[in-house]
Amino acid sequence: MTRPARRRLTATALTVVALTAGATACSSGDGTTTATAEDSGTYTVWDPYPQFAKDSDWAKLLDDCGGKAGVTIKRTAFDTSDLTNKALLAAQQDNSPDVLILDNPVVSTLAEAGVLTTTDENKVDTSKADPNLLAAGQADGRTYGTPIGANTLALYYNKDVLKAAGVDVASIKDWASLTAALEKVKKAGKKGITFSAIGTEEGSFQFLPWFWGSGAQLTDLDSAQGVSALSLWNDWLKKGYAPNSVINNTQTTSWQEFASGDYAFAENGTWQLANAEKAGFDYGVLPIPASDGGNAAAPTGGEFVTVPVQGDTGRYATTRKLVSCLTSTENLYATDTTLSYVAPTAEVQDKQVAENAGLKPWVEAVKAAKGRTSDDLGTTYPKISEQMWKAVQSALSGAESPEDALAKAQSAVK
Amino acid sequence: MSHTTQVPHRRPAPGPSGAVPAEPPRARRRRPTSQQLAAWAFLAPVALYLALFYAYPLYRNVDLSLRDYTVRSFVQGDAPFTGLENYRKVFDDPAFGPALTHTIVFTAVCLVFQYAIGLALAVFFNQHFRLSATLRALFLVPWLLPLIVSASTWSWMLNSDSGIVNALLGAVGIGPVNWLTSPDWSLTSVIIANIWIGVPFNLVLLYSGLQSIPASLYEASALDGAGPWRRFWSITFPLLRPVSAITLLLGLVYTLKVFDIIWIMTKGGPADSSTTFATWSYRLGFGNLLPAFGPGAAVGNLLVVAALVFGLVYLRVQRKQAPA
């Protein structure tokens with residue numbers, strides 16, 4: 001009598017377990033990575049540069065710096081989007097790496113979590129770094145790291161396409177003249193401009209130069225200026241100056257569109273310079289114009305070198321040596337050249353421009369750039385950014401008007 | 001795990017050995033027989049495995065959803081217990097309604113089409129014509145490809161400006177469709193891709209189910225004058241019911257939690273038009289620079305409960321079908 005019932009119970013329990021296991025697979029990402037080695041002579045470094053293999057210059061530089069400080073370096077590279085959660089988990093288990101190289105908008109989040117030491121504690125020298133770059137790593141008057149390199153956005157243009165369309169680059173000074181240029185390009189049978197408006201942080205990053213260029217503030221998304229920036233993009237899509245695919249474009253896919261040679265303009269970053277050389281056509285770089293002329297402030301990209309909190313505070317002394325080595329003038333130059341970044345200090349920037357004149361517009365753009373978490377936005381930036389990219393997507397896909405989309409975004413932030 | 005505690009209870013049942021039938025239970029508990037120890041030893045690995053890899057993560061996920069986690073309290077481990085606050089937050093979110101609708105539509109439409117196409121193909125391949133084995137193997141390809149490959153390929157094919165689908169539509173005079181970038185089409189696009197990926201799974205299970213239907217039944221019905229349509233509805237379909245039930249249940253669990261395809265193709269967008277619970281949960285927990293672990297876990301748990309409900313329905317139906 002009891003046996004079938006019991007078997008049923010067993011079957012129920014097993015099914016329950018199997019089903020829940022299936023369904024939780026996506027939500028329980030509890031991957032643990034041990035960072036701090038037991039050995040006090042081994043120092044761990046985490047970076048978001050998985051493209052650099054063991055025999056790369058970057059890895060060699062780390063080993064050299066370790067050698068000079070008398071320790072062995074254990075390096076682990078993560079995908080950028082993965083690194084924040086990995087660092088949070090490691091900190092939760094008191095397993096943080098000694099040196100953590102981190103995308104700049106994430107610094108304030110990890111600082112808020114209490115994962116990072118301030119420069120007061122770790123005594124890292126930040127005096128040489130440009131203040132506008134350093135600002136992304138500052139909150140409540142404290143500094144949580146030093147930039148290793150910076151990048152930003154500008155407009156790449158295809159000289160051949162512009163020539164065929166009869167557009168003079170020098171005439172592009174503001175939004176109106178840029179839109180006029182796009183119209184000419186379209187009439188000449190070519191494609192206008194490509195950018196990335198994807199529903200992630202990348203989309204917000206690309207929208208910001210236009211948003212800031214309109215005079216809008218991140219604390220007030222649905223201001224008339226903010227709406228004008230979104231309307232600019234929206235009109236480009238409607239008139240066919242920009243392809244509809246921008247809604248799903250990452251910065252990489254957007255670059256691939258530009259590299260096809262059909263597009264006149266592409267909004268993209270410093271890191272594409274090496275690819276631009278390979279594109280097979282003559283290109284130029286133009287700062288992103290503000291709505292009424294002048295250059296728009298673009299958001300700064302690039303990473304910070306940070307020192308996570310350790311249980312054993314005695315480790316900071318050696319860690320400081322490693323950080324100073326990595327951010328020394330000579331090494332910054334080498335690192336930023338391999339990364340295709342602009343250096344964070346004036347001294348190295350001058351050296352970069354002297355070596356490669358093509359970097360000049362980029363150095364200027366970086367100097368005018370602004371950190372996303374600057375202005376003491378800190379951890380409110382991620383919330384604003386998410387609503388902003390949603391609004392951009394809603395407007396460009398035609399789901400809502402720019403006004404409504406931004407009004408909704410602003411009320412969601414509050 | 002309730003089933004692990006059942007072994008000692010089962011002892012009084014007439015076992016094959018019958019060595020200690022009269023012993024009182026108290027004495028037995030004090031000195032377990034070697035057989036009992038062996039039973040526990042056999043049970044231990046799987047019990048440990050289940051506890052470590054299923055029960056604990058599940059417990060953690062429930063715990064995450066009941067606390068107010070900020071990045072700081074996540075690291076310090078001192079998140080205050082807030083009861084069902086995260087669930088309330090999720091239910092009140094304007095994204096909840098659309099996400100629920102999309103999850104239901106996505107799951108239902110995918111299941112119906114995957115099953116119908118899978119069954120049609122299974123019946124077709126059951127006829128053993130030349131090359132049927134080869135063709136059947138080819139149909140498995142979508143299943144064998146890594147999801148990132150198939151999803152990326154679909155998103156290239158469906159690209160508004162340079163996709164092959166729009167190029168083909170253009171060739172026959174139909175204007176371009178913004179498959180992935182229009183709120184009206186994005187859910188349809190991910191459903192199409194997911195059906196394509198899920199058909200082989202249904203095909204394989206249903207095909208093997210067809211093998212177990214005796215050919216004599218078809219012969220007998222053919223002699224009685226039943227046409228192919230009649231044979232399908234009166235023999236194939238009813239006899240395939242147990243296999244169909246498990247195929248649909250597994251399909252349901254897989255489809256409910258589909259994440260990769262949607263994330264790669266549309267990221268749940270544009271404007272949340274293809275957001276399901278799975279992508280929403282991920283977006284809350286990992287899709288932002290500032291993770292919201294609590295609400296993310298709450299959405300994940302809602303998915304778990306949904307899968308659980310259907311699992312129980314399945315068990316109930318199965319019990320009715322085969323009275324013990």
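How many bridges join strand 1 of chain A to strand 2 of chain A, and do the two run parallel or antiparallel? They are joined by 6 bridges and run parallel. The model discussed here is predicted.

## Chain A overall

Chain A contains 18 helices and 11 strands. Its C-alpha atoms fill a box of roughly 80 × 70 × 40 Å along the principal axes. The radius of gyration of chain A is 24 Å, which agrees with the value near 22 Å that a compact globule of 414 residues would have.

Of the 414 residues in chain A, 50% are buried. Among contacts in chain A with a separation of 6 or more, 74% are between residues 24 or more positions apart.

## The five-stranded sheet

Chain A has an open sheet of 5 strands in the order 2-1-3-11-6, and the pairing is mixed. The edges are formed by strand 2 (72–77) and strand 6 (146–147) of chain A. Each of these has a single partner strand, so one side of each is left without a neighbour in the sheet. Strands of a sheet pair through backbone hydrogen bonds, in either a parallel or an antiparallel sense.

Strand 1 of chain A covers residues 42–47 and is mostly covered, with 5 of its 6 residues buried. In its parallel pairing with strand 2 of chain A, D47(A) has A77(A) of strand 2 as its bridge partner.

The domain assignment divides chain A into domain 1 (42–147 + 301–368) and domain 2 (153–299 + 376–413). The C-alpha centres of domain 1 and domain 2 of chain A are 29 Å apart. Their contact takes 14 residues from domain 1 of chain A and 17 residues from domain 2 of chain A.

On the domain 1 side of this contact, the elements that give two or more residues are helix 4 (104–112) and helix 16 (360–368) of chain A. Helix 16 of chain A gives the most to that side, with 5 residues. By class, the domain 1 side has 8 nonpolar, 4 polar and 2 charged residues.

## Helix 4 of chain A

Helix 4 of chain A is largely enclosed by the rest of the structure, because 8 of its 9 residues are buried. The buried residues of helix 4 of chain A include N104(A), P105(A), V106(A) and V107(A). Helix 4 of chain A is followed by G114(A), whose phi is positive, near 80°.

## The largest nonpolar core

Which residues touch the most other members of the largest nonpolar core? They are L110(A), I193(A), A197(A), A264(A), A391(A), V392(A) and L303(B), in a core of 166 residues. Helix 11 (residues 186–211) of chain B gives the most to this core, with 11 residues. The core also draws at least three residues from each of domain 1 and domain 2 of chain A. In soluble globular proteins, nonpolar side chains tend to be buried together.

## Chain B

Chain B has 17 helices and 0 strands. Buried residues make up 35% of its 324 residues. Of the contacts in chain B with a separation of 6 or more, 67% are between residues 24 or more positions apart.

Is F96(B) buried, partly exposed or exposed? F96(B) is partly exposed, because 16 other C-beta atoms lie within 10 Å, and a residue would need 20 or more to be buried. F96(B) is found in helix 6 (residues 96–125) of chain B. Not counting residues up to four places away in sequence, F96(B) touches V90(B) and F91(B). The C-alpha atoms of F96(B) and A171(B) are separated by 40 Å, with the two residues 75 apart along the chain.

Key:
Residues are numbered from 1 along each chain as its sequence is written. Chains are lettered from A and ligands numbered from 1 in the order in which they are written. Helices (H or I, at least four residues) and strands (E, at least two) are DSSP runs, numbered from the N terminus. The radius of gyration is taken over C-alpha atoms; the globule rule is 2.2 Å times the number of residues to the power 0.38. A residue is buried if 20 or more other C-beta atoms lie within 10 Å of its own, exposed if 12 or fewer, and partly exposed in between; C-beta atoms are placed from the backbone. Two residues are in contact if their C-beta atoms, placed from the backbone, lie within 7 Å. Domain bounds come from an automatic or database domain assignment. Ala, Val, Leu, Ile, Met, Phe, Trp, Tyr, Cys and Pro count as nonpolar, Asp, Glu, Lys and Arg as charged, and the others, Gly among them, as polar. A nonpolar core is a set of buried Ala, Val, Leu, Ile, Met, Phe, Trp, Tyr and Cys residues joined through C-beta atoms within 7 Å. Two strands pair if DSSP finds at least two bridges between them.
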